[in-house]
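Visitor: I would like a close look at one part of this model, the place where the two chains meet. Please start with the chains themselves and then go to the contact.

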Amino acid sequence: MKIVGVAACTVGIAHTYIAQEKLENAGKAAGHEIAIETQGTIGTENELTKEQITAADIVILAADVKIAGRERFEGKRIIQVPTEVAVKSPNKLIEKAAEVVRNK
Amino acid sequence: MEVKDIVDLKTVKTNMNAKTKDEVLNELAHLLLENGYITEIDGFMRDIYAREAEGQTGIGNYIAIPHGKSAYVKNIGVAIGINKEEIPWETLDGKGVKGIILFAVGNDNEGANSHLKLLSLFARKLGNDEVVKDLLHSNSSADVMEAFA
């Protein structure tokens, strides 16, 4: 399946990027296509394209703060968790996302 | 510049024998002071502890990433400590930590975008199990730098 997501932590220096790396690795390892945008101190990076969002089966928001551009995901299935869930259990989170898509 | 260039051999310490979080943070903060990254220990530590109070900085796998934005930071950088024994820390997996990466980032980062970008790529590597394994097995500053290469 296709997953897109956003990672954003309070300070925007560390957890955001660790969550991105862990989610992307866990997603790819499970055979999914995954792209995670980061919103940190440096600003938005790896910004999701309209095409990526349209094609996505599910959206994962790993965020401790209000994310910018949430309206882009309107009408999509969204899983929202704190960044520490993505850092601690990325594989479980990806499994959960797959489950949600299966049970749609 | 490459990601590993964020690592300054002068602010890396391996085979540490610290027993507490406070001890290791102090030691690493002194390295940052001596090498011109921060202007003061006390103020910097207050800002680091303010972030510690907000939530766990132990990300699991024996790694902790104390950080916070501080007006006492002159240059963006990191200090890295590899401790011989586990130190008690607030962590996501309930274990202690052996690898401590102390981030120094200022409040005002104007003109520092390329450094911040590098720091974000560096942080990202801490989410990679292979990098973490190499980091924890480091016996020298050069090993630490190599872990991020």
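How many helices and strands does the secondary structure of chain A come to?

Guide: This is a predicted model. Chain A has four helices and five strands. Read along the sequence, these elements follow the pattern β-α-β-β-α-β-β-α-α. Along the principal axes, the C-alpha atoms of chain A fill a box of roughly 35 × 25 × 20 Å. Of the 104 residues in chain A, 42% are buried. If we take the contacts in chain A between residues at least 6 apart in sequence, 61% of them join residues at least 24 apart.

Chain B can be described in the same terms. Its secondary structure comes to five helices and six strands. Starting at the N terminus, the order in chain B is β-α-α-β-β-β-β-β-α-α-α. A compact globule of 149 residues would have a radius of gyration near 15 Å, and the 14 Å of chain B agrees with that. The box filled by the C-alpha atoms of chain B, again along the principal axes, is roughly 35 × 30 × 25 Å. Buried residues account for 44% of the 149 residues of chain B. Of the contacts in chain B with a separation of 6 or more, 71% are between residues 24 or more positions apart.

A residue counts as buried if 20 or more other C-beta atoms lie within 10 Å of its own. Ile87(B) has 22 other C-beta atoms within 10 Å, so it is buried. Leaving aside neighbours within four places in sequence, Ile87(B) is in contact with Ala18(B), Lys19(B), Thr20(B), Lys21(B), Val24(B), Gly96(B) and Val97(B). His30(B) is 57 residues from Ile87(B) in sequence, and the two are 19 Å apart in space, C-alpha to C-alpha.

Now to the place where the chains meet. Here 24 residues of chain B are in contact with 16 residues of chain A. On the side of chain B that touches chain A, at least two residues each come from α2 (41-54), β2 (58-60), β6 (97-106) and α3. The largest share of that side, seven residues, is supplied by α3(B). Sorted by class, the side of chain B that touches chain A has nine nonpolar, nine polar and six charged residues.

Two packed helices are described by the angle between their axes and the distance between the axes. Helix α1 of chain A (residues 15-29) packs with helix α3 of chain B (residues 113-125) at an angle of about 50 degrees, and their axes are 7 Å apart. That angle makes α1(A) oblique to α3(B). The crossing in which α1(A) passes α3(B) is right-handed. From α1(A), the residues that take part are Tyr17(A), Ile18(A), Gln20(A) and Glu21(A), and they meet Ser120(B), Ala123(B) and Arg124(B) in α3(B). By class, the residues of this contact between α1(A) and α3(B) are three nonpolar, two polar and two charged.

Methods: Residues are numbered from 1 along each chain as its sequence is written. Chains are lettered from A and ligands numbered from 1 in the order in which they are written. This is a predicted model: local features need pLDDT of at least 70, side-chain atom pairs count only at pLDDT 80 or more; totals for chains, interfaces and linings use all residues. Axes are lines fitted to C-alpha atoms, for helices over the stretch in contact, and angles run from 0 to 180 degrees between N-to-C directions. Angles under 35 degrees count as roughly parallel, over 145 as roughly antiparallel, 65 to 115 as roughly perpendicular and the rest as oblique. A crossing is left-handed if the near helix is turned anticlockwise from the far one by less than a right angle, and right-handed if clockwise. Two residues are in contact if their C-beta atoms, placed from the backbone, lie within 7 Å. Ala, Val, Leu, Ile, Met, Phe, Trp, Tyr, Cys and Pro count as nonpolar, Asp, Glu, Lys and Arg as charged, and the others, Gly among them, as polar. The radius of gyration is taken over C-alpha atoms; the globule rule is 2.2 Å times the number of residues to the power 0.38. A residue is buried if 20 or more other C-beta atoms lie within 10 Å of its own, exposed if 12 or fewer, and partly exposed in between; C-beta atoms are placed from the backbone.
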